[in-house]
Amino acid sequence: MKKTVALLLALSMGISLCACSGKTEAKSDAEKVYAVEAGSAGEAAATENGYKINSVASQADALMEVQSGTSDAAIIDLLMAGAMIGEGTSYPNLTHTSELTSELYGVGCRKGSDLAAYISDVFAETYKDGSMKEIATKYGVQESLCEQKDAGDFAEGEDIAYIKEKGTLVVGITDFAPMDYKDDNGEWIGFDADMAKVVADRLGVECQFVEIDWDNKIMELDSKNIDVVWNGMTLTDEVTNAMECSNAYCNNAQVIVVPAK
């Protein structure tokens, strides 16, 4: 009997040791692979922190990488995280942890364009009359709005004349809720999309949305394939050096998204 008990104890310990040895230790930040949108502020934050990067076409794709387990984590905009992950969203099993940056959103126009100042004036007017906040509330970003200065003395120049002559304001975007995304009818909506429509309406032109490769946004703008980049764009040094930018209109951050425990 004693031999049987001893044998069972030894067997139990052996199984326990095997189970312990089979456990996978948690990866360190340096070992993890982070999915990021190519050319984004998330990619810049990952690079600055020395993370291993999996560059993908969009922030939505970055979330899909984490969901499928092909990347350990993603770095995306906080405003997108609020709309896309957690209970009641497209990714209920994902959550965000650290905020890596603090940043501002702005709208980008061609260098030297008068359109940037025009957009800033529209921001000022709609902030003052409350219509900007009304649109922001519709998409849940009202707490991120930046206070706007009063409108300045604006004089139309060549770029606005060009846009009025062709009759369209071509807006470069990516699919990025809650800023730009399609409704059930395939129409572009979102805080940025709706604000772009306000600007187009005031210019007396149609608003046309064109999906672009975010990594090529400056080239798309300079070649006049689009008139404006309006898609939750972070005002980085690269952006402000290459574009004429509006005043900041939203606060944002880059956050790490991981599977919820």
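1. Let's start with R202, which is partly exposed at a relative accessible area of 39%. Here buried means under 20% relative accessible area, exposed over 50%, and partly exposed in between, using a 1.4 Å probe and protein chains only. Please keep in mind that this is a predicted model, where local features need pLDDT of at least 70, side-chain atom pairs count only at pLDDT 80 or more, and totals for chains, interfaces and linings use all residues. Residues are numbered from 1 along each chain as its sequence is written, and side-chain values use heavy atoms, with hydrogens and water left out.

2. What does R202 pair with? R202 forms a salt bridge with E125, and their closest N and O atoms are 2.5 Å apart. A salt bridge is a side-chain nitrogen of Lys or Arg within 4 Å of a carboxyl oxygen of Asp or Glu. E125 lies in helix α5 (residues 115-129) and R202 in helix α8 (residues 191-203), so this pair ties together parts that are 77 residues apart in sequence. Helices (H or I, at least four residues) and strands (E, at least two) are DSSP runs, numbered from the N terminus. E125 is partly exposed too, at 37% relative accessibility.

3. The structure holds eight salt bridges. Another of them joins D72 to K27, with the closest N and O atoms 3.2 Å apart. D72 sits in the loop between α3 (59-68) and β3 (73-77), and K27 in the loop between α1 (2-21) and β1 (33-37), so parts that are 45 residues apart in sequence are tied together. D72 is partly exposed at 24% relative accessibility, and K27 is partly exposed at 45%.

4. K164 and E156 also form a salt bridge, their closest N and O atoms being 2.8 Å apart. Salt bridges that share partners join R110, D159, K166 and D227 into one network.

5. Now for the rings: how many aromatic pairs does a search of the whole structure find? The search finds six. Rings of Phe, Tyr and Trp (its six-membered ring) pair if their centres lie within 6.5 Å; planes under 30 degrees apart count as stacked, over 60 as edge-to-face and the rest as tilted. F123 and Y249 form a tilted pair, 5.3 Å centre to centre with 50 degrees between the planes. F123 lies in helix α5 and Y249 in the loop between β11 (244-245) and β12 (250-252), so the pair ties together parts that are 126 residues apart in sequence. Both F123 and Y249 are buried.

6. Y139 and Y181 form an edge-to-face pair, 6.3 Å centre to centre and with 90 degrees between the planes. Y139 is buried at 11% relative accessibility, whereas Y181 is partly exposed at 24%.

7. Y105, F123, F191, W230 and Y249 form one aromatic cluster. Two of these names return in the largest nonpolar core: of its 54 residues, L115, F191 and W230 touch the most other members. A nonpolar core is a set of buried Ala, Val, Leu, Ile, Met, Phe, Trp, Tyr and Cys residues joined through side-chain atoms within 4.5 Å. The largest share of this core, seven residues, comes from α8. Apart from this core lies another of nine residues, among them V170, V229, M233 and V239.

8. Finally, look at F191 itself. Leaving out residues up to four places away in sequence, F191 touches several residues, including M132, I135, Y139, P178 and Y249; contact means heavy atoms within 4.5 Å.
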